[in-house]
Amino acid sequence: VLQAVGIENSLKFLRQIGFDTGGMPRNLQLAVGGGTLELSPLEVATHYAKFANGGYRIDSWHIQQVLARDGSELYRAQPLAVCPACLAETLPAKPDEEKATEAESPDGEAEAGTTGPAQMEETVVTEPTPAPLEARQAPQVMDPRSVYILNSMLRDVIQRGTGRAARALGRQDLAGKTGTTDDARNLWFSGFNHALVATAWVGFDEELPLGRREYGATAALPIWIRFMRDALRGEPETALHQPDGILSVRINPDTGEAAPPGSTRAIFELFVEGTEPDPALATGDHPDGSDANSRPELLF
(Lines give C-alpha, C1' and ligand atoms only; values in the text may rest on other atoms or scores of the structure.)
Protein backbone atom coordinates (compact mmCIF):
# COMPACT_ATOMS: atom_id res chain seq x y z
CA VAL A 1 0.00 0.00 0.00
CA LEU A 2 2.81 2.40 0.90
CA GLN A 3 4.50 1.73 -2.43
CA ALA A 4 1.26 2.43 -4.28
CA VAL A 5 0.51 5.63 -2.39
CA GLY A 6 4.09 6.90 -2.34
CA ILE A 7 6.40 7.86 0.54
CA GLU A 8 6.05 11.62 0.13
CA ASN A 9 2.27 11.47 -0.22
CA SER A 10 2.08 9.39 2.94
CA LEU A 11 4.31 11.77 4.90
CA LYS A 12 2.26 14.73 3.66
CA PHE A 13 -0.91 13.05 4.96
CA LEU A 14 0.74 12.28 8.31
CA ARG A 15 1.68 15.96 8.69
CA GLN A 16 -1.87 16.94 7.76
CA ILE A 17 -3.34 14.91 10.63
CA GLY A 18 -0.84 16.20 13.17
CA PHE A 19 2.27 14.00 13.14
CA ASP A 20 5.73 15.48 13.34
CA THR A 21 7.45 13.64 10.49
CA GLY A 22 10.88 15.23 10.93
CA GLY A 23 12.41 12.08 12.39
CA MET A 24 10.54 9.56 10.25
CA PRO A 25 12.30 7.51 7.57
CA ARG A 26 11.83 8.43 3.89
CA ASN A 27 11.63 4.80 2.78
CA LEU A 28 9.53 1.66 3.22
CA GLN A 29 10.67 1.29 6.83
CA LEU A 30 7.80 3.67 7.51
CA ALA A 31 5.42 0.75 6.95
CA VAL A 32 7.00 -1.54 9.55
CA GLY A 33 7.25 0.55 12.67
CA GLY A 34 9.84 3.10 11.60
CA GLY A 35 7.39 5.91 12.18
CA THR A 36 6.84 5.01 15.83
CA LEU A 37 10.48 5.21 16.91
CA GLU A 38 10.18 8.95 17.54
CA LEU A 39 6.78 8.86 19.26
CA SER A 40 5.99 8.62 22.95
CA PRO A 41 3.03 6.53 24.17
CA LEU A 42 1.14 9.76 24.91
CA GLU A 43 1.66 10.95 21.33
CA VAL A 44 0.50 7.61 19.95
CA ALA A 45 -2.64 7.66 22.11
CA THR A 46 -3.35 11.26 21.08
CA HIS A 47 -3.18 10.31 17.41
CA TYR A 48 -5.30 7.19 17.94
CA ALA A 49 -7.97 9.51 19.34
CA LYS A 50 -8.66 10.57 15.74
CA PHE A 51 -9.64 7.00 14.91
CA ALA A 52 -12.00 6.92 17.91
CA ASN A 53 -13.70 10.31 17.45
CA GLY A 54 -14.33 10.34 13.71
CA GLY A 55 -11.20 12.05 12.42
CA TYR A 56 -10.86 15.18 14.58
CA ARG A 57 -7.45 16.40 15.74
CA ILE A 58 -7.32 17.01 19.48
CA ASP A 59 -4.41 17.87 21.77
CA SER A 60 -3.45 16.18 25.01
CA TRP A 61 -3.74 18.42 28.07
CA HIS A 62 -2.91 17.81 31.69
CA ILE A 63 -3.82 20.83 33.82
CA GLN A 64 -7.45 21.87 33.94
CA GLN A 65 -7.29 24.92 36.16
CA VAL A 66 -4.91 26.88 38.39
CA LEU A 67 -6.25 29.06 41.22
CA ALA A 68 -4.37 31.59 43.29
CA ARG A 69 -4.46 31.46 47.05
CA ASP A 70 -7.27 34.03 47.13
CA GLY A 71 -9.37 31.96 44.75
CA SER A 72 -8.74 34.04 41.66
CA GLU A 73 -8.17 32.09 38.50
CA LEU A 74 -4.68 32.13 37.04
CA TYR A 75 -5.16 29.59 34.26
CA ARG A 76 -7.95 27.61 32.62
CA ALA A 77 -7.52 24.99 29.93
CA GLN A 78 -9.14 25.58 26.56
CA PRO A 79 -8.99 22.08 25.08
CA LEU A 80 -9.93 21.20 21.54
CA ALA A 81 -13.20 19.27 21.56
CA VAL A 82 -15.10 17.40 18.89
CA CYS A 83 -18.39 18.87 20.06
CA PRO A 84 -17.99 21.96 22.27
CA ALA A 85 -21.69 22.00 23.15
CA CYS A 86 -21.48 18.37 24.25
CA LEU A 87 -18.05 18.24 25.84
CA ALA A 88 -17.81 21.59 27.64
CA GLU A 89 -18.23 20.77 31.29
CA THR A 90 -18.37 22.54 34.59
CA LEU A 91 -15.53 21.67 36.89
CA PRO A 92 -16.70 20.11 40.14
CA ALA A 93 -16.81 22.64 42.94
CA LYS A 94 -16.20 21.73 46.55
CA PRO A 95 -19.24 21.89 48.83
CA ASP A 96 -19.64 25.18 50.63
CA GLU A 97 -17.91 25.14 53.96
CA GLU A 98 -20.03 26.77 56.60
CA LYS A 99 -18.60 27.66 59.93
CA ALA A 100 -21.04 28.62 62.64
CA THR A 101 -20.18 29.92 66.06
CA GLU A 102 -20.85 27.81 69.08
CA ALA A 103 -23.79 30.11 69.73
CA GLU A 104 -25.57 28.72 66.67
CA SER A 105 -27.73 25.68 67.28
CA PRO A 106 -28.67 23.21 64.52
CA ASP A 107 -32.10 24.83 64.14
CA GLY A 108 -30.67 28.34 63.86
CA GLU A 109 -31.74 29.50 67.34
CA ALA A 110 -29.31 30.91 69.90
CA GLU A 111 -28.32 28.46 72.57
CA ALA A 112 -29.31 29.17 76.16
CA GLY A 113 -26.86 31.29 78.08
CA THR A 114 -25.43 33.20 75.09
CA THR A 115 -25.75 36.95 75.02
CA GLY A 116 -25.10 39.70 72.50
CA PRO A 117 -25.37 39.71 68.73
CA ALA A 118 -21.73 38.75 68.22
CA GLN A 119 -22.37 35.25 69.47
CA MET A 120 -25.21 34.82 66.97
CA GLU A 121 -23.32 35.84 63.81
CA GLU A 122 -22.67 33.13 61.23
CA THR A 123 -19.47 32.98 59.22
CA VAL A 124 -19.70 31.31 55.81
CA VAL A 125 -16.66 30.52 53.69
CA THR A 126 -17.54 29.63 50.08
CA GLU A 127 -15.18 28.22 47.49
CA PRO A 128 -15.37 30.02 44.13
CA THR A 129 -17.49 28.17 41.57
CA PRO A 130 -15.39 27.58 38.45
CA ALA A 131 -16.88 28.55 35.12
CA PRO A 132 -17.32 25.90 32.43
CA LEU A 133 -14.35 24.90 30.32
CA GLU A 134 -14.13 26.97 27.16
CA ALA A 135 -13.68 24.18 24.65
CA ARG A 136 -12.58 25.03 21.12
CA GLN A 137 -13.84 23.19 18.06
CA ALA A 138 -11.37 20.55 16.96
CA PRO A 139 -10.52 20.59 13.25
CA GLN A 140 -11.52 17.56 11.20
CA VAL A 141 -8.38 16.29 9.48
CA MET A 142 -9.54 12.89 8.19
CA ASP A 143 -12.45 11.86 5.99
CA PRO A 144 -15.03 10.39 8.41
CA ARG A 145 -15.79 7.66 5.87
CA SER A 146 -12.16 6.55 5.83
CA VAL A 147 -12.07 6.68 9.64
CA TYR A 148 -15.15 4.46 9.84
CA ILE A 149 -13.59 1.87 7.53
CA LEU A 150 -10.34 2.04 9.52
CA ASN A 151 -12.39 1.36 12.67
CA SER A 152 -13.82 -1.73 11.00
CA MET A 153 -10.33 -2.96 10.12
CA LEU A 154 -9.03 -2.38 13.64
CA ARG A 155 -12.05 -4.14 15.17
CA ASP A 156 -11.10 -7.15 13.06
CA VAL A 157 -7.65 -7.09 14.69
CA ILE A 158 -9.35 -7.87 17.98
CA GLN A 159 -12.03 -10.19 16.67
CA ARG A 160 -9.75 -12.37 14.53
CA GLY A 161 -6.24 -10.92 14.45
CA THR A 162 -3.20 -10.37 16.65
CA GLY A 163 -5.29 -8.60 19.31
CA ARG A 164 -7.83 -11.38 19.74
CA ALA A 165 -6.82 -11.92 23.39
CA ALA A 166 -8.84 -8.75 24.07
CA ARG A 167 -12.01 -10.69 23.30
CA ALA A 168 -11.75 -11.77 26.94
CA LEU A 169 -13.22 -8.36 27.80
CA GLY A 170 -16.51 -9.48 26.24
CA ARG A 171 -17.09 -6.26 24.28
CA GLN A 172 -17.88 -5.71 20.60
CA ASP A 173 -16.88 -2.03 20.48
CA LEU A 174 -13.11 -2.43 20.86
CA ALA A 175 -10.55 -1.81 18.12
CA GLY A 176 -6.78 -1.73 18.18
CA LYS A 177 -3.42 -2.73 16.77
CA THR A 178 -0.36 -4.56 17.99
CA GLY A 179 3.11 -3.31 17.11
CA THR A 180 6.54 -4.97 17.25
CA THR A 181 9.63 -3.20 15.94
CA ASP A 182 12.87 -4.84 14.78
CA ASP A 183 14.44 -7.23 17.31
CA ALA A 184 11.47 -6.64 19.65
CA ARG A 185 12.99 -3.39 20.90
CA ASN A 186 9.58 -1.70 21.16
CA LEU A 187 6.35 -3.57 21.82
CA TRP A 188 3.00 -1.80 21.52
CA PHE A 189 -0.70 -2.19 21.77
CA SER A 190 -2.95 0.78 21.10
CA GLY A 191 -6.70 0.37 21.28
CA PHE A 192 -9.95 2.19 21.86
CA ASN A 193 -13.68 2.38 21.77
CA HIS A 194 -15.59 5.55 20.91
CA ALA A 195 -15.14 6.91 24.46
CA LEU A 196 -11.62 5.92 25.55
CA VAL A 197 -8.18 5.46 23.99
CA ALA A 198 -5.24 3.76 25.70
CA THR A 199 -1.73 2.82 24.59
CA ALA A 200 0.59 0.30 26.24
CA TRP A 201 4.32 0.30 25.44
CA VAL A 202 7.00 -2.09 26.66
CA GLY A 203 10.70 -1.49 26.12
CA PHE A 204 14.04 -0.43 27.57
CA ASP A 205 15.29 3.15 27.67
CA GLU A 206 18.44 1.92 25.93
CA GLU A 207 16.44 0.39 23.03
CA LEU A 208 17.67 -3.11 23.90
CA PRO A 209 15.93 -6.22 22.49
CA LEU A 210 13.27 -7.66 24.78
CA GLY A 211 13.64 -11.25 23.62
CA ARG A 212 13.10 -13.42 20.58
CA ARG A 213 9.64 -14.55 21.69
CA GLU A 214 8.28 -11.18 22.75
CA TYR A 215 5.71 -9.33 20.66
CA GLY A 216 3.16 -6.59 21.12
CA ALA A 217 0.51 -9.28 21.54
CA THR A 218 2.43 -11.07 24.31
CA ALA A 219 3.85 -8.17 26.33
CA ALA A 220 1.88 -4.96 25.70
CA LEU A 221 -1.61 -6.32 25.01
CA PRO A 222 -2.05 -8.01 28.45
CA ILE A 223 -1.28 -4.67 30.13
CA TRP A 224 -3.85 -2.92 27.95
CA ILE A 225 -6.46 -5.58 28.72
CA ARG A 226 -5.97 -5.25 32.48
CA PHE A 227 -6.33 -1.48 32.30
CA MET A 228 -9.38 -1.49 30.02
CA ARG A 229 -11.12 -4.13 32.12
CA ASP A 230 -11.23 -1.68 35.03
CA ALA A 231 -11.61 1.51 32.98
CA LEU A 232 -14.65 0.23 31.06
CA ARG A 233 -16.29 -1.73 33.87
CA GLY A 234 -19.98 -0.80 33.94
CA GLU A 235 -19.65 1.45 30.87
CA PRO A 236 -22.06 0.82 27.97
CA GLU A 237 -20.67 -0.15 24.59
CA THR A 238 -20.16 2.85 22.32
CA ALA A 239 -19.78 2.61 18.57
CA LEU A 240 -18.63 5.21 16.06
CA HIS A 241 -21.56 6.60 14.08
CA GLN A 242 -21.58 5.40 10.47
CA PRO A 243 -21.36 8.42 8.17
CA ASP A 244 -23.17 8.74 4.87
CA GLY A 245 -21.38 7.42 1.81
CA ILE A 246 -20.42 3.98 3.14
CA LEU A 247 -21.46 0.84 1.26
CA SER A 248 -21.36 -2.77 2.43
CA VAL A 249 -20.57 -5.05 -0.52
CA ARG A 250 -20.24 -8.83 -0.79
CA ILE A 251 -16.79 -9.63 -2.10
CA ASN A 252 -14.60 -12.58 -2.99
CA PRO A 253 -12.11 -12.80 -0.07
CA ASP A 254 -9.39 -14.13 -2.40
CA THR A 255 -9.51 -11.41 -5.04
CA GLY A 256 -11.27 -8.45 -3.41
CA GLU A 257 -13.63 -8.27 -6.37
CA ALA A 258 -17.41 -8.36 -6.13
CA ALA A 259 -18.84 -11.80 -5.46
CA PRO A 260 -21.56 -13.26 -7.70
CA PRO A 261 -25.03 -13.87 -6.29
CA GLY A 262 -25.21 -17.12 -4.36
CA SER A 263 -21.48 -17.34 -3.69
CA THR A 264 -20.89 -19.53 -0.65
CA ARG A 265 -17.56 -17.97 0.37
CA ALA A 266 -18.43 -14.29 -0.01
CA ILE A 267 -17.87 -11.87 2.85
CA PHE A 268 -19.14 -8.36 3.41
CA GLU A 269 -16.66 -5.50 3.24
CA LEU A 270 -17.06 -1.73 3.60
CA PHE A 271 -16.24 0.75 0.83
CA VAL A 272 -16.41 4.49 0.39
CA GLU A 273 -19.20 5.05 -2.12
CA GLY A 274 -17.68 5.23 -5.58
CA THR A 275 -14.76 2.92 -4.80
CA GLU A 276 -16.71 -0.34 -4.52
CA PRO A 277 -15.77 -3.19 -6.91
CA ASP A 278 -17.60 -3.42 -10.21
CA PRO A 279 -20.31 -6.14 -10.11
CA ALA A 280 -19.55 -6.85 -13.77
CA LEU A 281 -16.15 -8.19 -12.68
CA ALA A 282 -17.61 -10.50 -10.04
CA THR A 283 -15.35 -13.39 -9.12
CA GLY A 284 -15.86 -16.42 -6.92
CA ASP A 285 -17.81 -19.64 -6.76
CA HIS A 286 -21.28 -19.94 -8.23
CA PRO A 287 -23.89 -22.09 -6.50
CA ASP A 288 -23.08 -24.78 -9.09
CA GLY A 289 -19.45 -24.83 -7.95
CA SER A 290 -17.97 -23.03 -10.97
CA ASP A 291 -15.80 -19.95 -10.73
CA ALA A 292 -17.18 -16.73 -12.17
CA ASN A 293 -13.74 -15.39 -12.86
CA SER A 294 -12.47 -16.02 -16.37
CA ARG A 295 -9.76 -13.35 -16.25
CA PRO A 296 -6.59 -14.73 -14.62
CA GLU A 297 -5.08 -11.24 -14.23
CA LEU A 298 -7.65 -10.57 -11.49
CA LEU A 299 -6.69 -13.57 -9.38
CA PHE A 300 -3.54 -12.07 -7.86
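Let's start with a helix: α5, made of residues 144-160, lies across strands β7 and β8 and runs at about 70 degrees to β7. Keep in mind that this is a predicted model.

Helix α3 covers residues 41-53 and lies across β7, β8 and β9, with an angle of about 145 degrees to β9.

| Helix | Residues | Lies across | Angle |
|---|---|---|---|
| α3 | 41-53 | β7, β8 and β9 | about 145 degrees to β9 |
| α5 | 144-160 | β7 and β8 | about 70 degrees to β7 |

So what do the strands themselves look like? They form an open sheet of three, ordered β7-β8-β9, with antiparallel pairing. At the edges sit β7 and β9 (197-203), and each of them pairs on one side only. On average, neighbouring strands in this sheet are turned by 5 degrees against each other, if you ignore direction.

Next, zoom in on β8, which spans residues 186-192 and pairs with β9 in the antiparallel sense over seven bridges. F189 stands opposite A200 in β9.

Is T178 buried or exposed? T178 counts as buried because its relative accessibility is 14%, and the cut-off for buried is under 20%. Leaving out residues up to four places away in sequence, T178 touches T162, G163, W188, F189, G216 and A217. With one of these, T162, there is also a polar contact: the two side chains are joined at 2.7 Å.

Conventions:
Residues numbered from 1 in each chain as written. Predicted model: local features only at pLDDT ≥ 70, side-chain atom pairs only at ≥ 80, totals over all residues. Heavy atoms only, no water. Buried < 20%, exposed > 50% of the residue type's maximum accessible area, 1.4 Å probe, protein only. Polar contact = N/O pair within 3.5 Å; in protein donor to acceptor, adjacent residues only side chain to side chain. Contact = heavy atoms within 4.5 Å. Pairing = 2+ DSSP bridges. Helix = DSSP H or I, 4+ residues; strand = E, 2+ residues; numbered from the N terminus. Axes fitted to C-alpha atoms, helices over the stretch in contact; angles between N-to-C directions.
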